[in-house]
Each structure stands twice: as C-alpha cells, then as structure tokens.
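Here are a few notes to read alongside the model. Have a look at it first, then work through the points below.

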Amino acid sequence: MTPSVPRTRAAAALRMKQIVLDNQDRTIKRLRARLATERRGLAATKKELEETRVALEASHKAIVGLTEIGLSMSKNIEKMKVKKQQVRANHVECHQKFQARIHEAEDSMQAQHLIIEALVDEKDSLLQTIHGLQEANNAPAQFDGEWEEEPEEEPEEEEIEDIPLGEGEIDDE
C-alpha cells in the first residue's frame with residue numbers, strides 16, 4: 001500500500017495543480033476579456049475625446065471670429081456715431097448761417113424800404129418847395145403838380161419764415 005499512496009498523493013497533487021492551472025487559465029481569460037473591453041472603452045473614450053477636442057477647437061475659432069466681427073462692428077458703430085454728430089453739428093451750423101442770411105436780407109429790405117420812403121418824402125418836399133417858389137415868383141406853373149408816375153407798386157414782401165431748428169433734421173432711424 002505504501003507504493004500506491006504516493007501515487008495517489010502525487011496524482012491528487014497533480015490534480016490540484018491542474019485545477020489551480022485551470023482556475024488561473026479561466027481567470028486569465030476573464031482578465032483578458034475585461035482588458036479587451038477596457039481597451040475598447042478606452043479607444044471609444046479617446047475617439048470621443050478627439051472629437052470633443054476638434055469640436056472645441058472649431059468652437060474656439062468661431063468664437064474668435066465672432067469676437068473679431070463684434071469688435072469691427074463696434075468700431076464701425078463708433079465711427080458712425082462720430083459721423084452722425086458731425087453731420088448734426090454741420091446741420092446746425094448751416095441752419096444758423098441760413099437764418100443769419102435771412103435776417104440780413106430782411107434787414108437790407110427794411111433799410112431799402114426806409115430809404116425809398118425817405119426819397120419819396122424828399123421828392124414830395126422838393127415838389128412843394130418848387131411849387132412854393134413858383135407861387136412866390138408868380139411864375140407860370142411848368143407843370144400842374146401831377147406827375148405821370150407809374151402807380152407805385154408795393155413789392156410783395158415774401159415773408160421768409162424762420163425754420164425752427166428742430167425741423168429738417170436728419171433722422172437716422
């Protein structure tokens with residue numbers, strides 16, 4: 001019996017070693033399967049990460065482009081505001097100059113009217129003086145005091161009305 005015991009023990013030890021090896025083989029296969037799954041997951045994650053990076057770069061470029069457009073538009077808006085203020089200032093200046101010219105023309109017309117009235121008065125005075133001298137000298141009247149005058153036409157004064165500053169402004173809206 002002794003010789004078979006070691007055989008049984010040796011066979012049992014071999015059997016145990018075989019079971020351990022089989023278990024290790026299954027564990028290795030399971031770990032390899034898990035490693036393959038993890039690698040596939042890692043590859044998918046890397047792909048998603050690369051896609052996200054590309055999308056982020058494209059988004060960044062778009063943001064930079066939009067920012068540049070926004071800055072350019074802001075500069076243009078500021079230029080337009082300055083130009084609008086200049087146009088308004090020029091409009092006010094032209095309006096004031098135009099009003100000054102109108103007032104000068106009105107003043108000139110009034111002065112001319114006063115001169116004409118003074119000349120008419122002087123003419124009447126001279127006629128009276130001539131008539132008085134003729135009567136004093138008993139001289140025959142060379143004229144009967146009636147001049148053939150064209151009827152004095154009152155020039156129609158075109159009333160130029162002041163244009164209020166608020167009217168005629170340029171409306172940018």
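This is a predicted model: local features need pLDDT of at least 70, side-chain atom pairs count only at pLDDT 80 or more; totals for chains, interfaces and linings use all residues.

Is Glu57 buried, partly exposed or exposed? Glu57 is partly exposed, with a relative accessible area of 39%.

1. First, the overall picture. Of the 173 residues, 3% count as buried. The accessible surface comes to about 16200 Å², with 58% of that belonging to carbon and sulfur atoms.

2. Back to Glu57, which pairs with Arg53 in a salt bridge whose closest N and O atoms are 2.5 Å apart. Arg53 and Glu57 are four residues apart in helix H1, so about one helical turn separates them. Arg53 is partly exposed too, at 37% relative accessibility.

3. The structure holds five salt bridges. Another of them joins Lys29 to Asp25, at 3.7 Å from N to O. These two also sit in helix H1, four residues apart, or about one turn. Lys29 counts as exposed because its relative accessible area is 54%, over the 50% cut-off. Asp25, at 37%, is partly exposed.

4. Lys81 and Glu78 meet in a salt bridge as well, 4.0 Å from N to O. Here the spacing in helix H1 is three residues, again about one helical turn. Lys81 is partly exposed at 47%, and Glu78 is partly exposed at 46%. Elsewhere, shared partners link Glu50, Arg53 and Glu57 into one salt-bridge network.

5. Leu66, Ile69, Met73, Ile77 and Met80 make a nonpolar surface patch of about 520 Å². Leu66 lies in helix H1, which covers residues 4-136, and is exposed at 56% relative accessible area.

Notes. Residues are numbered from 1 along each chain as its sequence is written. Side-chain values use heavy atoms; hydrogens and water are left out. Buried means under 20% relative accessible area, exposed over 50%, partly exposed in between (1.4 Å probe, protein chains only). Accessible areas come from the Shrake-Rupley method with a 1.4 Å probe; for residues, only the protein chains shown count as cover. Patches are made of residues with over 30% relative accessible area and no salt bridge: like charges are joined within 9 Å, nonpolar side chains (Val, Leu, Ile, Met, Phe, Trp, Tyr) within 5 Å. A salt bridge is a side-chain nitrogen of Lys or Arg within 4 Å of a carboxyl oxygen of Asp or Glu.
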